[in-house]
Amino acid sequence: MLAWVAADSALAVPGKEGLIVRSYRFLDLETPVEFFNTWITPAEHFFVRNHMHEPATFDPSDWTLSIGGEVEKPYTLNLAQLSKLETHSVVNTLECAGNGRAFQNPKVPGVQWRKGAVGTGRFSGPRLRDLLERAGVQATGKHVMFRGLDEVPGRVPPFIRSIPIEKAMDPGTLVATQMNGAALPKHHGFPARALTPGWVGAASCKWLTEIKVLDKEFEGNFMSPGYRWPNQPGKPGEAVKPEDTHPLTALNVKSLIASPGDGSTVRAGVVRVQGTAWAGEGDVVRVEVSTDDGSTWQPAELGNEKARYAWRLWSFQWKAKSGDYVVAVRAIDSLGRTQPTAPVWNPSGYLNNAVDQVKVHVYA
């Protein structure tokens with residue numbers, strides 16, 4: 001059975017008022033673009049992506065996190081023990097790999113995210129590396145698997161993902177217990193989640209209960225055929241065999257316009273165009289705005305707040321004359337990547353980072 005899908009912000013979820021409900025069966029909530037005007041996204045405005053049911057009943061005093069697999073000394077921690085470990089913080093832009101799927105042509109299955117399955121938070125907790133080093137990773141340990149406490153309905157396979165040992169040992173990869181200075185909200189993985197910065201959101205498993213070091217990439221539905229990218233470009237609508245794909249990892253360079261909104265009407269004069277731009281493991285080095293449907297581009301001003309894995313706010317002072325316009329934005333990053341003009345086709349609609357644009361009517 002497919003998740004019941006909606007697109008109605010009137011269907012309010014407590015603590016998430018104003019977000020767009022994309023699925024009510026497995027809670028999926030999208031952030032309206034007008035909320036993207038702060039460097040840190042408040043928890044109440046942060047998107048939610050679930051593949052199955054959130055844990056319905058949960059007693060933190062019974063929670064444990066096991067570390068095992070290809071290690072010398074497997075062990076288990078409870079929440080009190082985990083909270084005593086040295087804490088580190090990472091400001092990370094978390095984006096669902098399917099963000100922008102609704103704009104694929106031809107249409108592809110899956111949650112029809114538009115622009116708002118993304119947000120930036122300050123995540124804190126012990127480094128995953130510290131937990132793994134305590135266990136003593138064996139030479140055979142090549143990948144690290146995460147298992148959460150999602151409640152699996154029927155025959156749906158459990159949501160399990162793995163990441164390469166190199167990313168697991170990166171000092172930015174955390175077992176996060178806090179978000180924006182407070183305990184993780186339930187929708188975001190309380191009491192602990194993996195935080196794999198700069199990578200697609202699926203690599204940051206919520207309600208974490210097991211970390212297992214493996215000798216190879218985990219084999220399961222959410223590693224293959226799920227969350228994979230074609231090795232070669234394909235024709236729109238063309239099927240791709242799983243063996244001709246590889247796992248999704250880092251996010252693309254991308255930007256969006258928070259205001260003015262698409263279809264808005266503004267008065268002639270100086271109009272402030274603003275939004276965000278991010279680049280996964282790269283750094284945003286330039287943001288450019290076009291007010292003539294992409295014919296010419298002008299540099300936007302980048303905000304002062306920055307961190308390695310976090311988006312940059314940007315703004316542009318547009319001297320607008322009366323008429324109808326297509327305003328567009330594109331970002332360029334330190335890896336030399338620039339946003340494409342159209343989505344890159346793939347059967348699951350992943351990593352859509354096409355140039356963002358809005359239509360604006362200017363009156364005198």
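**Figure 1. The largest cavity of the model.** About 220 Å³ of space lies in the largest cavity. The structure shown here and in the other views is a predicted model. The count of cavities of 30 Å³ or more comes to 1. Its lining is made up of 20 residues. Those nearest the centre of the cavity are Arg 49, Arg 193, Gly 201, Ser 204 and Lys 206. By residue type, the lining of the largest cavity divides into 11 nonpolar, 5 polar and 4 charged residues.

**Figure 2. The second largest pocket.** This pocket holds about 660 Å³ of space. It is lined by 32 residues, and the closest to its centre are Phe 103, Lys 115, Val 355, Asp 356 and Gln 357. Three strands, β16 (254-259), β23 (323-333) and β24 (356-363), each supply at least two residues of the lining. In the lining of the second largest pocket, 14 residues are nonpolar, 9 are polar and 9 are charged.

Figure 3. Asp 28 belongs to strand β2, which covers residues 28-30. Is Asp 28 buried or exposed? Its relative accessibility is 1%, and buried means under 20%, so Asp 28 counts as buried. Leaving aside neighbours within four places in sequence, the residues in contact with Asp 28 include Ile 20, Val 21, Arg 22 and Ser 23. Val 48, Arg 49, Asn 50, Val 111 and Trp 113 are also in contact with Asp 28. Pro 230 is 202 residues from Asp 28 along the chain, and the C-alpha atoms of the two are separated by 26 Å.

Figure 4. Helix α2 covers residues 128-135, and its buried residues are Leu 128, Leu 131, Leu 132 and Ala 135. These four lie on the same side of α2, because they cover an arc of only 95 degrees around the axis. An α-helix has 3.6 residues a turn, so residues three or four places apart point the same way. Which residue follows α2? Gly 136 does, and its phi is positive, near 75 degrees.

Technical notes. Residues are numbered from 1 along each chain as its sequence is written. This is a predicted model: local features need pLDDT of at least 70, side-chain atom pairs count only at pLDDT 80 or more; totals for chains, interfaces and linings use all residues. Side-chain values use heavy atoms; hydrogens and water are left out. On a 1 Å grid over the protein atoms alone, a cavity is a set of points where a 1.4 Å probe fits but cannot get out, and a pocket is an open set with protein on both sides within 12 Å along at least five of seven lines; lining residues have an atom within 4 Å of a point. Grid points are joined across faces, edges and corners, and a volume is the space filled by probe spheres set on the points. Ala, Val, Leu, Ile, Met, Phe, Trp, Tyr, Cys and Pro count as nonpolar, Asp, Glu, Lys and Arg as charged, and the others, Gly among them, as polar. Buried means under 20% relative accessible area, exposed over 50%, partly exposed in between (1.4 Å probe, protein chains only). Contact means heavy atoms within 4.5 Å. The arc is that of the directions from the helix axis to the C-beta atoms.
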